[in-house]
Amino acid sequence: MLLELKGDNPFKIRAYQAGARVVESLSEEELTRRIDAGTLEEIKGIGEALAGKIGELHRSGKLDFYEKLRGSIPESLRELLQISGLGPKKIRALHGQLGVTSVADLVKACTDGRVAELAGFGEKSQEKILAAIHHREAYARRHLWLSAWEEAEPLLAGLRGLPQVEQAEVCGSFRRRMETVGDLDFLVATLEPRPVVEWFVTRPVVQEITAQGETKASVRLQSGLQADLRLVSPAQFPFTLHHLTGSKDHNVQMRQRALARGWSMSEWGLSPVEQAVAMRQEEGGRRAHEQTRAIRDEAGLFAQLGLAYIPPELREGLGEIELAEKSALPRLVEEADIRGVFHNHTTWSDGHNTLAEMAAAAEAFGWEYLGIADHSAASVQAQGLDEKRLHEQIAEIRALNLAQKFNTYLFAGTECDIRPDGRLDYGDELLAELDYVVISVHSALQQNREDMTRRIVRGIEHPAATMLGHLTGRLLLEREGCDVDVDRVIDAAIANGVVMELNANPWRLDMDWRHWRKAAEKGLICCINPDAHTAAGLAHFRLGVGTARKGWLTKNSILNTRSLAEVKRWLEQRRAGAVHGGIAAGRPEQSTNGKLHK
DNA sequence: GCCGTTTTCGGCCCGACTGTTTTCAGTCG
């Protein structure tokens with residue numbers, strides 16, 4: 001950002017951005033190892049200069065280059081970049097010619113009418129800047145994936161219902177299943193765009209139209225979410241779908257790959273390089289792809305570049321292209337693979353539905369089993385169960401199973417607090433009576449990294465622990481997770497045969513998808529849990545499946561894709577102390593049919 | 001600042017829309 005504001009070489013700026021993304025994608029462990037071994041430069045995107053700077057920053061906590069850069073630019077200029085419509089060039093003009101160094105300065109300059117007098121600005125720019133400042137918090141806000149879905153779904157259904165529309169999809173980070181979404185990118189295949197644009201910009205949920213043209217429109221929805229509509233011909237659709245789905249890193253790598261094979265690739269199509277260059281010089285842009293390669297869908301596009309189909313969730317530029325080339329991408333878990341969930345709450349603690357209501361809802365999903373894990377006594381705020389009440393609940397669960405009222409088997413569990421010192425909130429005898437134990441941190445979240453890590457690892461080492469609930473306790477867009485050494489916790493879980501939850505509550509999606517791929521490769525087993533507090537909340541398991549897919553998880557590394565019989569056997573063995581190192585060895589295909597046990 | 005089966009120099013993705021222009025620059029995605 002500082003280099004941008006300085007007006008430095010745009011390609012240099014891009015190199016820094018690319019380098020930053022590379023560093024972000026590394027675990028702390030690997031980053032440190034590579035710095036110590038001097039192998040940072042082996043990673044694409046990190047050269048001599050960046051490796052040197054990263055090393056200096058890592059060793060000393062300071063970077064001379066950065067300090068000098070920062071000193072040369074007013075700190076407050078950076079926040080101007082957040083104002084939509086203002087880029088580095090305009091900010092430099094405002095700073096250089098009007099002496100604007102802060103948002104407050106800018107507001108004053110606009111209301112004085114001085115901005116409109118600048119070359120390249122006018123009345124309208126001035127108004128837009130003021131409006132953008134006014135709304136910048138609401139506009140810059142990201143939205144939970146689920147909130148975005150609730151906004152997108154009716155619009156998508158509406159678009160698909162229009163007679164002119166052949167295909168419609170939501171692309172972008174939404175399609176890639178990011179945990180939060182910045183805007184919605186609708187893409188439509190049509191030969192008659194006008195009425196579609198007209199329909200889109202006149203929806204009642206549209207608060208403001210920010211752009212409207214022949215082939216695209218942008219609106220601001222009442223929620224503050226921006227929604228863009230792109231319209232292309234059916235022949236272009238797969239190219240644009242891929243392009244708008246991204247991510248940026250993935251697209252850059254795909255284009256490089258296309259170029260290496262003699263193709264110029266863009267959102268418009270795929271054409272031979274020489275032709276694209278020649279036509280661009282003669283005709284300009286779009287016509288360059290008139291003789292584009294005909295392709296039916298995204299799979300055809302990947303195939304043209306010698307790649308297996310890459311699911312949207314994996315398109316983050318994190319090695320998916322290399323594996324697609326070898327047809328070695330994992331077969332990702334699907335919603336239909338889930339046969340039950342653990343970690344759910346009832347009216348016994350802070351849930352809103354009774355045990356029987358939860359069981360009925362689980363049965364409606366066709367699940368073979370449902371785990372009940374109400375809060376333990378320490379979670380007073382959630383009406384956690386004391387020993388007596390937990391005994392009563394266990395009895396009720398056993399009775400429901402005996403009565404065979406539901407086709408879904410109920411497991412008696414608990415979400416047992418890990419106390420600040422790492423001890424569990426129930427005694428060993430009581431824990432041993434349960435079918436399984438979810439251990440979670442709910443209090444003293446501000447503990448330092450070392451204490452928190454030791455606390456959680458101690459919980460994991462308890463012989464009764466079955467799975468670790470919501471690793472960091474984060475609430476997306478609201479509260480940072482606790483500070484914990486994730487790698488150490490993962491290693492401890494694997495060593496103790498403890499499963500890691502993927503909490504599918506829309507606010508959590510914790511453990512983060514960025515950790516799962518490597519963790520699963522090491523042998524960590526996942527359990528996708530909705531952490532449901534209502535019967536309707538059980539449906540959130542779908543968000544967990546989306547996140548698991550984003551984390552490269554396959555059915556085999558997920559506990560609750562196993563049949564009831566397998567899960568029962570595994571839990572029994574675990575409680576007898578016979579299982580160590582996870583359940584990866586058990587092949588689901590070879591198991592008995594869980595339905596026998598209903 | 002990074003990169004290399006055209007290269008160690010000379011490239012680096014590119015088109016739509018807006019507002020300001022009077023043919024185009026800046027921003028965005």
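Hi everyone, let's start at Thr 554, which touches Pro 330, Arg 331, Leu 332 and Val 333, leaving aside residues up to four places away in sequence. Contact here is when two C-beta atoms, placed from the backbone, lie within 7 Å. This is a predicted model, where local features need pLDDT of at least 70, side-chain atom pairs count only at pLDDT 80 or more, and totals for chains, interfaces and linings use all residues. Residues are numbered from 1 along each chain as its sequence is written, with chains lettered from A and ligands numbered from 1 in the order in which they are written.

Thr 554 sits in the loop between α23 and α24 (564–575); helices (H or I, at least four residues) and strands (E, at least two) are DSSP runs numbered from the N terminus.

Five strands form an open, parallel sheet in the order β13-β14-β15-β16-β17. β13 (415–417) and β17 (526–529) are the edges, each with a single partner strand, so one side of each has no neighbour in the sheet. Pairing needs at least two DSSP bridges, and β13 and β14 (438–440) have three. Glu 415, for instance, has Val 438 in β14 as its bridge partner.

Lastly, α17 (355–364): its buried residues are Leu 355, Met 358, Ala 359, Ala 361 and Ala 362. They pack against β11 (369–372), α18 (387–403) and β12 (409–412). Just after α17, Gly 366 takes a positive phi of about 80°.

Key: A residue is buried if 20 or more other C-beta atoms lie within 10 Å of its own, exposed if 12 or fewer, and partly exposed in between; C-beta atoms are placed from the backbone.
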